[in-house]
Amino acid sequence: MRLLLSAELLKLVKQSKTYYALGSIMVIETLILITAYFQGSTILDLLLDNLKQSFYFEGTLLNGNLIMYIVLNSLWFNVPLILMIVTSGIVTDEYKDGTMQTVMLQAVDKWKVATAKYIIAVLFTLLVIGFMMLTTFILSYSIFGSGDLVVYINTLNFFEAADAFHRICWAFASGAFTMVFYCVASMTLAIFIKEAAKTWIAAALFLIITTLLLKVDFVVPVINTYFFPKLIDTWQQLFYYQLDWNQIFINNALLLLYTLAFAAAGTYVFHKKDIG
């Protein structure tokens, strides 16, 4: 297994899509920073003009914490789509190049090959989220500094600078569970479909449908609580004024179980189906 992991890691490091993904994250962050630098103050003044007459805010509301929160919202679509394209390529590229057959000629179990691919996909996803958090922290704090955070979730919620930073860190950690889930799902789709273009379309469709189902009321409480589309926004619960840590923990634990289920299904199919 160690050799398989090393081989998969080497492939990931050498493929250009890996660096395009990191570059895309930087482009998203840069666009957010540029927009905030030139237009952020004007927008905030229009939104909060009346509130500023009644409340005192420490520092400027256009600060590093707000920028980090805005970047966090790219976890809704932009970042998962990029990650799903890259991680699904771990499988589809080998089908396309014909190297999958070469690998399977070796004395190695299919399930070990699939497991190694899933592990590397998860590690890559965590690396990207860590990279995203670190670069956003450095850029946003160095340019905009610290300050109180205001977010709108059903109502306006205000957090002091230190509290806001802690919530943002936990939100990145919770968001990592969602990103890992999407990447594992895209890997499983790749095992079923094999072709890169079709897998990308299926992955994008899966992402869109999951996001839409988040807003659907299924009437049945169990489905509304435990169906995986209802768990993908758990990171956003960190920005409610009253935190329900038990629910946040349960949601992430359930999402992890769904992730393992998708990985198990993909591994089983990979083990049973013809490689050619």
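The N-terminal end of helix H3 is capped by Asn 63, a side-chain oxygen of which lies 3.0 Å from the backbone nitrogen of Asn 65. Helices (H or I, at least four residues) and strands (E, at least two) are DSSP runs, numbered from the N terminus. The model is predicted, and local features therefore need pLDDT of at least 70, side-chain atom pairs count only at pLDDT 80 or more, and totals for chains, interfaces and linings use all residues. Residues are numbered from 1 along each chain as its sequence is written, and side-chain values use heavy atoms, with hydrogens and water left out.

Helix H3 spans residues 64–72 and is mostly covered, eight of its nine residues being buried. Here buried means under 20% relative accessible area, exposed over 50%, and partly exposed in between (1.4 Å probe, protein chains only). The buried residues of H3 are Gly 64, Asn 65, Leu 66, Ile 67, Met 68, Tyr 69, Val 71 and Leu 72.

Tyr 69 is also one of the residues touched by Ile 153; the others are Gln 236, Phe 239 and Tyr 240, not counting residues up to four places away in sequence. Contact means heavy atoms within 4.5 Å. Ile 153 lies in strand S1, which comprises residues 149–153. With a relative accessible area of 8%, Ile 153 is buried. Between Ile 153 and Tyr 241 the separation is 88 residues in sequence and 9.6 Å in space, C-alpha to C-alpha.

Tyr 241 belongs to the loop between H9 and H10. Its relative accessible area is 53%, so Tyr 241 is exposed. Apart from neighbours within four places in sequence, Tyr 241 is in contact with Asn 157, Phe 158, Phe 159 and Arg 167. Tyr 241 and Leu 156 stand 85 residues apart in sequence, with their C-alpha atoms 9.4 Å apart in space.

Aromatic rings were examined next. A pair of aromatic rings is described by the distance of the centres and the angle of the planes. Rings of Phe, Tyr and Trp (its six-membered ring) pair if their centres lie within 6.5 Å; planes under 30 degrees apart count as stacked, over 60 as edge-to-face and the rest as tilted. The count by this rule is 18 aromatic pairs. In the case of Phe 206 and Phe 228, the ring centres are 5.9 Å apart and the planes lie at 25 degrees, so the pair is stacked. This pair links distant parts of the chain, 22 residues apart: Phe 206 is in helix H8 (residues 196–213), and Phe 228 is in the loop between helix H9 (221–226) and helix H10 (245–272). Both Phe 206 and Phe 228 are buried. Phe 228 also forms a tilted pair with Phe 227, at 5.0 Å centre to centre and 55 degrees between the planes. The relative accessible area of Phe 228 is 12%, whereas Phe 227, at 26% relative accessibility, counts as partly exposed. Ring pairs join Phe 181, Tyr 182, Phe 206, Phe 218, Phe 227, Phe 228, Tyr 258 and Phe 262 into a cluster.

Tyr 182 is also among the residues that line the largest cavity, together with Leu 75, Trp 76, Thr 178, Met 179, Thr 211, Ile 232 and Trp 235. On a 1 Å grid over the protein atoms alone, a cavity is a set of points where a 1.4 Å probe fits but cannot get out, and lining residues have an atom within 4 Å of a point. Grid points are joined across faces, edges and corners, and a volume is the space filled by probe spheres set on the points. A search of the whole structure finds one cavity of 30 Å³ or more, and the largest cavity holds about 40 Å³ of space. Helix H7 (residues 161–193) gives the most to this lining, with three residues.

Methods: 1 Å grid on protein atoms, 1.4 Å probe; cavity = no way out; pocket = protein on both sides within 12 Å on 5 of 7 lines; lining within 4 Å. Polar contact = N/O pair within 3.5 Å; in protein donor to acceptor, adjacent residues only side chain to side chain.
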